[in-house]
Amino acid sequence: MSESWSGPVKMWDGPIPPAEKPDPNNHLQYMRLALDQAQESPPKPSNFRVGALLVDADTGAILSRGYTLECEGNTHAEQCCLLKYAKEHNLPEERVGEALPLNTVIYTTMEPCNLRLSGNLPCADRIIRTTSLTGKRNIKKVYLGVKEPEKFVGENQGRKKLEEYGIECIHVPGLEERILSVATAGHEQ
Ligand code: HJL
Ligand code: ZN
């Protein structure tokens, strides 16, 4: 007679299958995760709901996540990513580059800003000022889901400015509709 199992459902007792490895070339996968972040942001009529990630492009590891208004005050998604990573490494935001890997990239659902109605420092400048201790810029690329709609500041020059400083900006296609509907939830129609 074959042995019969009468206890609770038997759990897998073999080796634990390896977790899916992050793939630094799967840009859409990271953009989806950035969009998940955007959905955490509270709707507000005077800005966009954006999500962002800092990723080590050599390993695919996610270093930090952020969304609009996550951190204290009037904060942007990209700014929150930098702030949170800086805090984890006991650094002020402006010195976050001292702790970032040399091949860091940002995924953001929306092109980083270059002008803020509040007068706060734009994210393009926050990204540009981020350098390692040896003065090398370690945020090498920005992957963006959509260009900023012309609603608050006219045409956003964020991408142009970043490119002027040698930071490559790459559009990741495929999620535009979803990104814009999340970004503008809470706006007057
Ligand atoms: C990006 C964000 C965010 C915006 N853009 N890339 N990430 N909120 O987290 C851009 C928009 C500004 C307005 C309002 N939004 O944010 O142009 O109040 O939010 O300084 O200009 O300015 P404040
Ligand atoms: Zn910004």
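N90 lies in the loop between α2 and β3 of this predicted model. Helices (H or I, at least four residues) and strands (E, at least two) are DSSP runs, numbered from the N terminus. Phi of N90 is near 55°, a positive value in a residue other than glycine. Most residues other than glycine have a negative phi. N90 counts as exposed because its relative accessibility is 70% (exposed is over 50%, buried under 20%, with a 1.4 Å probe and protein chains only). L69 also has a positive phi, of about 70°, and is not a glycine. L69 sits in the loop between β2 (62-67) and α2 (77-88).

The zinc ion (ligand 2) is coordinated by H76 (ND1), C113 (SG) and C123 (SG), at 2.0 to 2.3 Å. Donors are N, O and S atoms within 2.8 Å of the metal (3.2 Å for Na, K and Ca); water is not among the atoms, so the site may look incomplete. The donor spacing in sequence is H-x36-C-x9-C. C113 belongs to the loop between β3 (104-110) and α3 (123-128) and C123 to helix α3, so the pair ties together parts 10 residues apart in sequence. Both C113 and C123 are buried.

The axes of helix α1 (residues 27-38) and helix α5 (residues 176-184), lines fitted to C-alpha atoms over the stretch in contact, come within 10 Å and cross at roughly 20°. The two helices are therefore roughly parallel (an angle under 35 degrees). In α1, M31, L35 and A38 meet R178, I179 and V182 of α5, with contact meaning heavy atoms within 4.5 Å.

Residues are numbered from 1 along each chain as its sequence is written, and chains are lettered from A and ligands numbered from 1 in the order in which they are written. Local features need pLDDT of at least 70, side-chain atom pairs count only at pLDDT 80 or more, and totals for chains, interfaces and linings use all residues, while side-chain values use heavy atoms, leaving out hydrogens and water.

Methods. Axes are lines fitted to C-alpha atoms, for helices over the stretch in contact, and angles run from 0 to 180 degrees between N-to-C directions. Angles under 35 degrees count as roughly parallel, over 145 as roughly antiparallel, 65 to 115 as roughly perpendicular and the rest as oblique.
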